[in-house]
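Please walk me through this structure.

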Amino acid sequence: MSLFIHHQTPHSFRVAKPLALALTRALSLLAVVPLLYSQGKSIAGQLEGHYNKGLQFFQAGNLEKAETEFQHIVTLAPQVPEPYYFLAKIAASRNALSQAETLLKKALRLKPDFVEAHHTLGVLCMQQKKVELARDSFLRAIQLKPNYALGHVNLGNAYLELRQFELASQQYRKALDIQPLDETVAFLANFHLGSLHHGRSEFQEARPYFERAHSLNRRHADVLFSLTEVYLKLGRRADALEVAARIRDVSSGDSKAALRLGLLLAENGQFAEAASELEQARRKLPGSYDMLYGLAAAYHHLNRKPEALEALRQALELQPREAGAYYLLGQIQAELKDHARAIEALRQCVTVDPARHDAWEALSKELFQHGAFAEAITLFEGYVQKFPEQPLPHLLLGEARMHNQDLPGALSEFQRAAEIAPSLSRAHFSVGFVYKELGQLDKARVALQMALKCDSSNALAHYQLGSLLSYDAPPDQALELLRRATQLAPDHAESHVELGKIFLRQQRYQQALDELLKAVRLRPDLPEPYYVLSRVYLGLGHQQKAAEAHQQFRLLEERNRTAKKAQRTIAPR
């Protein structure tokens with residue numbers, strides 16, 4: 001899941017439309033003179049003067065005077081197409097897109113093979129989200145002029161908007177094949193090809209295109225941001241930070257660029273650098289949800305939890321129905337061992353966005369740790385009602401019922417999850433676990449074997465099946481399963497305890513001792529390894545150590561009973 005719900009990708013596929021002098025030169029006076037003189041020699045000189053001045057004013061950027069000159073031509077010679085084209089360009093510069101479109105269509109009625117008019121009409125249609133009409137205009141332009149590189153680039157952009165990615169890629173590549181290659185076209189085609197691959201998460205393929213675009217324009221912000229992100233995705237942190245430094249140089253003092261860079265760095269796990277950029281942006285810009293949430297995420301990972309909580313408080317004041325902020329708040333409160341506040345934040349998260357399945361999972365852990373099993377059952381029953389055909393709601397409801405000692409109810413939910421997702425190892429594992437608790441060992445064995453068939457890396461399934469088979473004679477399969485469990489999850493103390501118990505029964509006391517001491521180091525609060533350890537010490541003839549281990553076992557047992565009693569007392573209802 002993406003870290004930032006509001007943060008959008010920097011790649012927007014803009015229509016390429018540079019106002020190049022080459023275009024106005026292509027429509028120079030030489031091409032229009034015959035049409036002007038067709039009006040009669042009496043006005044030819046006057047028309048030529050207007051056209052000359054119009055071009056000069058247009059090239060100089062004096063659009064008001066250019067418009068006046070071209071309007072004179074339209075009045076005197078309404079069948080000449082080129083003035084309509086220039087008037088359309090002037091209207092478009094003022095965002096009068098409908099007027100510009102009307103003028104271009106007039107030019108095309110007078111001159112159907114007017115390449116630049118077809119292309120500019122496509123640009124206008126793209127700006128107005130008329131993507132299919134834009135595509136048709138660009139197609140017509142390149143049919144009339146196959147080596148029109150900019151036309152191929154913009155046709156590629158139209159295909160991209162229509163999600164016809166292969167056709168878009170073909171057009172960008174065609175633009176790059178046209179010689180001589182215009183530098184602007186090369187930049188645009190490379191940038192869009194990189195963006196196309198980036199959108200598919202094909203970061204290795206995107207990299208060379210962004211690098212080539214960067215070599216053509218070393219100050220283009222979108223390219224710099226894109227290249228930074230690609231390097232981060234490819235694990236090239238040093239290269240990414242070098243380009244990020246370039247962003248700072250190019251956008252010196254630009255707080256919006258600092259905000260964008262900070263969000264990008266936070267989203268890609270560079271939290272120290274992200275915090276620095278976002279703090280800079282915060283000093284100059286009004287606080288936004290994205291800024292504050294990004295800061296909270298960075299502070300959280302930098303173990304600056306009080307600052308993270310304050311940033312989240314401010315973020316939720318701005319946008320009180322943001323599931324992502326509540327989820328992060330729940331994570332932080334859980335790490336602070338404030339289970340009540342963690343539960344409240346996570347409940348808010350799933351209320352705002354019931355489809356946040358990761359939040360439901362996190363909520364289950366907090367509820368179970370807090371001993372709030374009845375509350376968990378009520379919540380997860382509602383979760384099942386919302387998503388009856390997804391396995392996770394049934395799994396969480398089953399786990400809540402299991403914690404509440406309702407094993408038949410738990411089994412029913414786990415079986416339903418396995419029906420919905422037959423290849424989900426967790427579902428089969430849960431079925432097997434309950435069958436084992438119910439004493440239906442043959443069914444437990446089948447379910448646990450299915451769990452391992454679905455996922456051979458399921459350490460808990462290895463442990464439970466190994467434990468189930470540990471009394472087989474000889475226990476070779478159990479030993480193999482339990483050893484595999486310790487390889488997959490070296491910090492799972494219970495697997496070491498089970499190995500110790502097998503070695504004890506085999507009177508392999510030293511091996512048993514090794515496993516049990518590992519378990520004690522991993523979980524000094526767990527009573528069972530001390531009990532087994534006392535028996536191992538007896539086997540080794542260490543009476544005093546056996547007595548000490550047994551005493552520790554009884555101490556921990558009593559402590560656990562007291563804790564469970566207290567938990568039942570304070571559990572919310």
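The structure, a predicted model, holds 15 aromatic pairs. Rings of Phe, Tyr and Trp (its six-membered ring) pair if their centres lie within 6.5 Å; planes under 30 degrees apart count as stacked, over 60 as edge-to-face and the rest as tilted. Phe 368 has a relative accessible area of 13% and is buried, and Phe 373 is buried at 17%. Buried here means under 20% relative accessible area, exposed means over 50%, and partly exposed lies in between (1.4 Å probe, protein chains only).

Phe 368 also pairs with Phe 380, and this pair is edge-to-face, with 6.4 Å between the centres and 75 degrees between the planes. Phe 368 belongs to helix α21 (residues 357-369) and Phe 380 to helix α22 (residues 373-386), so the pair ties together parts that are 12 residues apart in sequence. Helices (H or I, at least four residues) are DSSP runs, numbered from the N terminus. Like Phe 368, Phe 380 is buried.

Elsewhere, ring pairs link Tyr 51, Phe 58, Phe 70, Tyr 85, Phe 86 and Phe 114 into a cluster. Rings also take part in arrangements with charged groups. The charged end of Arg 260 sits over the ring of Phe 225, 4.0 Å from its centre, and Arg 356 lies over the face of Tyr 327, at 4.7 Å from the ring centre. A charge sits over a ring if NZ of Lys or CZ of Arg is within 6 Å of the ring centre and within 35 degrees of the ring normal.

Two notes on method belong here. Residues are numbered from 1 along each chain as its sequence is written, and side-chain values use heavy atoms, with hydrogens and water left out. Because the model is predicted, local features need pLDDT of at least 70 and side-chain atom pairs count only at pLDDT 80 or more, while totals for chains, interfaces and linings use all residues.

The expected span is 1.5 Å times one less than the number of residues. In α28, Ala 478, Leu 479, Leu 481, Leu 482, Ala 485 and Thr 486 are buried. Down the axis of α28, the buried residues fall within an arc of 165 degrees, so they line one face of the helix; the arc is that of the directions from the helix axis to the C-beta atoms. The face turned away from this buried side carries the exposed residues Glu 480 and Gln 487. Among the elements covering the buried residues of α28 are α26 (441-454), α27 (459-468) and α29 (493-505), where contact means heavy atoms within 4.5 Å.

How many of the 13 residues of α17 are buried? The number is 12, so α17 is largely enclosed by the rest of the structure. The buried residues include Tyr 289, Asp 290, Tyr 299 and His 300. They pack against α15 (255-267), α16 (271-284), α18 (305-318) and α19 (323-335). Helix α17 (residues 289-301) reaches 18 Å from its first C-alpha to its last, close to the 18 Å expected.

Most residues other than glycine have a negative phi, and most peptide bonds are trans. Asn 303, which follows α17, has a positive phi near 60 degrees. Asn 95 has a phi near 65 degrees; this residue is in the loop between α5 (82-93) and α6 (97-110) and is exposed, with a relative accessible area of 59%. Gln 507 has a phi near 60 degrees, lies in the loop between α29 and α30 (509-522), and is exposed at 56%. A cis peptide bond joins Gln 179 and Pro 180, with omega about -5 degrees, and Pro 180 is in the loop between α10 (165-177) and α11 (183-199).

Pro 475 sits in the loop between α27 and α28 and is buried, with a relative accessible area of 11%. Not counting residues up to four places away in sequence, Pro 475 touches Ser 470, Ile 502 and Gln 506.

How values were computed
Helix = DSSP H or I, 4+ residues; strand = E, 2+ residues; numbered from the N terminus.
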